[in-house]
Each structure stands twice: as C-alpha cells, then as structure tokens.
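Work through the exercises below with the sequence and the model at hand. Each task is followed by a solution in steps.

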Amino acid sequence: MNMEGNDVATMTTTQSSTSSSSAAAVISPCAACKILRRRCVEKCVLAPYFPPTDPLKFTTAHRVFGASNIIKFLQELPEAQRADAVSSMVYEANARLRDPVYGCAGAICQLQNQVNELQQQLAKAQAQILNMQTQNAHLMALICHEMAQSSQMLPQHDQQSFDDFNSSPHSYQSNASFLDENNLGLLWEPLWT
C-alpha cells in the first residue's frame, strides 16, 4: 500500500509539472491584441508584425492610424507586402509624432537640404583643387621659362644639369642637390630683378 501511495504522488507531481509546462508554452497575445485588450486568435493579422516583445511599435502606429485602419490596410495587401507596409506605417507614425504638420515630408525636405549643401561644398572644394592645380602649372611654366632664359648665362656644367631637368623634371623634385644654394641664386635672380 505504501508503494502505491508513492506512485500516485509521483504521478500527480508529473502531471502538475506537465500541465504547468503546457501553460508556459501558450503563446502570449501579440502586442496589438494586448494593447487593444482583446483575445489574440490563431490567425491574427497583426501578430506577425507586432510581436509581444515590442509593444511600442503598435502603440505608435495605433496613435496615428488607428487599429481598424491598420487591420484594413493589412487585409487589402498580399502577405508578401505586409511587412514592408507595417514598417512604412511605423516610420510614418514616428515622423508624424515628431513633426505633426509635415511628418515624413519634413524629414525628406531636411535631408534634401543637407544633400544640396553638401553638393555645394563639394563643388567649392573641386574648384579650389582645380585652381591650385592651375597655379601649380603656371608656377612650373614660369620656372621653366626663367630657367631657359638663364641657361644662356650658365657655365657648361650647369647647362648639362638644365638640359637634364628639361628632359625629366620630375626626377629633380626628389633630388635635393638640384636646388643647392649656387643654383638657387642663379635660378631665382631674374625673377627678383
């Protein structure tokens, strides 16, 4: 008898733990049904898009559009487009709560103004770069012109250096001996007179 009593107690404990686990397995209502205080049916239109973990999403959309309008919008759309529609409604609702007059249009206008300002800044920067490149080219042409005029006065050794510079001027930019004190005075002297 004692054994049978223990078996009954064990079965009762097992049954109560099974029933509590099945109660825990019951899915909680979606955020929309919870906020609207109604029973969430198995094929609730709102459940896939408003999970119980994110009630703010439905609250925001509900304030602007209303529950019946949201349900009507979703029922009229194919299922493939419903997630995008909910995302758009929540975005529009957030924008409308931030800016009740303009909503999304205000945000779009503000972003467009920022794009225009950035394009203007980019155009100014490109113009400055072009201006600097032009100045650099004019300066190099002036240096080459002055070197050509002063090459007639240079001794034979300096004439060879000048001819080498004309053949490849970029190699002299990295060569520090090209602009030593003697050559520098000869090159720049005609510029100052």
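**Exercise 1.** Which residues in H3 meet which residues in H5?

Solution. The model is predicted, so local features need pLDDT of at least 70 and side-chain atom pairs count only at pLDDT 80 or more, while totals for chains, interfaces and linings use all residues. Residues are numbered from 1 along each chain as its sequence is written, and side-chain values use heavy atoms, with hydrogens and water left out.

Step 1. Take contact as heavy atoms within 4.5 Å. Helices are DSSP runs (H or I, at least four residues), as are strands (E, at least two), numbered from the N terminus.

Step 2. On the H3 side the list is Lys57, Thr60, Ala61, Arg63, Val64 and Phe65. On the H5 side, the residues met are Val86, Met89, Val90, Glu92, Ala93, Asn94, Arg96 and Leu97.

Step 3. The axes of H3 and H5 come within 8 Å and cross at roughly 70 degrees. That makes H3 roughly perpendicular to H5. Here axes are lines fitted to C-alpha atoms, for helices over the stretch in contact, and angles run from 0 to 180 degrees between N-to-C directions; angles under 35 degrees count as roughly parallel, over 145 as roughly antiparallel, 65 to 115 as roughly perpendicular and the rest as oblique.

**Exercise 2.** Find the buried residues of H4 and state where they lie around the helix.

Solution. Step 1. Apply the cut-offs: buried is under 20% relative accessible area, exposed over 50%, partly exposed in between (1.4 Å probe, protein chains only). In H4, residues 67-76, this gives Ala67, Ile70, Ile71 and Leu74 as buried.

Step 2. Viewed down the axis of H4, these buried residues fall within an arc of 95 degrees, so they line one face of the helix. The arc is that of the directions from the helix axis to the C-beta atoms. An α-helix has 3.6 residues a turn, so residues three or four places apart point the same way.

Step 3. Ser68 and Glu76, on the other side of H4, are exposed. The partners of the buried residues are H2 (31-36), H3 (55-65) and H5 (79-98).

**Exercise 3.** Which residues of the largest nonpolar core touch the most other members?

Solution. Step 1. A nonpolar core is a set of buried Ala, Val, Leu, Ile, Met, Phe, Trp, Tyr and Cys residues joined through side-chain atoms within 4.5 Å.

Step 2. Of the 17 residues in the largest one, the answer is Leu46, Phe50, Phe58, Ile70, Leu74 and Val86. H2, H3, H4 and H5 each supply at least two residues of this core, and the largest share, four residues, comes from H4.

Step 3. Leaving out residues up to four places away in sequence, Ile70 touches Leu46, Phe50, Phe58, Ala61, His62, Phe65 and Met89.

**Exercise 4.** How many disulfides does the structure hold?

Solution. Step 1. The criterion is a pair of cysteine sulfur atoms within 2.5 Å.

Step 2. The sulfur of Cys33 has its closest cysteine sulfur, in Cys30, at 3.5 Å, too far for a bond. The count of disulfides is zero.

Step 3. Cys33 is buried, at 1% relative accessible area, whereas Cys109 is partly exposed at 44%.

**Exercise 5.** Where is Arg37, and is Arg37 buried or exposed?

Solution. Step 1. Arg37 sits in the loop between H2 and H3.

Step 2. Its relative accessibility is 78%, so Arg37 counts as exposed.

Step 3. Phi of Arg37 is near 55 degrees, a positive value in a residue other than glycine. Most residues other than glycine have a negative phi.
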